[in-house]
Amino acid sequence: MINKRKRKRDPYTEVYALGQHICMSPHKARRIIDQIRGRSYEETLMILELMPYRACYPLFKLIYSAAANASHNMGFNEVNLIISKAEVNEGTTVKKLKPQARGRGYLIKRSTCHITIILKNISLYEEYEEYNI
């Protein structure tokens, strides 16, 4: 069944990067994603470098990768990029058995998450507004 509410991305102004099976809880990743959503690219990198959480490093790499995609594939300038959408979805759970006393096994569950970062180029909107004025 097709989801009608799903909106198509604008291929000319948006670039995304997807990180799958990142070994961290989705709740811990969302705590940081909520802080950076809607901010500019340069401001986001500064925030992630100064935050004390372990989850900041994979997010930093993912945002840096999305900006590299934008500059290499689309020719966008990194100064004009903002984080338009950032979402964290729950991934698969890795299950391990830890040996316990009397031959028993204790199940350890490691949660993973999938993170999607969408960057938008705002310079095209500014040029559009200049022509309409």
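Lys28, Arg31, Arg54, Lys96 and Arg110 together form a positive surface patch, where a patch is made of residues with over 30% relative accessible area and no salt bridge, like charges being joined within 9 Å. A salt bridge is a side-chain nitrogen of Lys or Arg within 4 Å of a carboxyl oxygen of Asp or Glu. The model is predicted, so that local features need pLDDT of at least 70 and side-chain atom pairs count only at pLDDT 80 or more, whereas totals for chains, interfaces and linings use all residues. Residues are numbered from 1 along each chain as its sequence is written, and side-chain values use heavy atoms, with hydrogens and water left out.

The chain has four helices and three strands, which are DSSP runs of at least four residues (H or I) and at least two residues (E), respectively, and along the sequence they follow the pattern β-α-α-α-β-β-α. Of its 133 residues, 32% count as buried, a word that stands for under 20% relative accessible area with a 1.4 Å probe, while exposed stands for over 50% and partly exposed for the range in between.

In helix α2 (residues 41–50), the buried residues are Tyr41, Thr44, Leu45 and Leu48. They are on the same side of α2 because they cover an arc of only 100° around the axis, and the face turned away from this buried side carries the exposed residues Met46 and Leu50.

Methods
Patch = residues over 30% accessible without salt bridge, like charges linked within 9 Å, V, L, I, M, F, W, Y side chains within 5 Å. Areas by Shrake-Rupley, 256 points an atom, 1.4 Å probe, with all protein chains shown as cover. Lys, Arg positive; Asp, Glu negative; His and termini not counted. Charge placed at Lys NZ, Arg CZ, Asp CG, Glu CD. Arc of directions from axis to C-beta.
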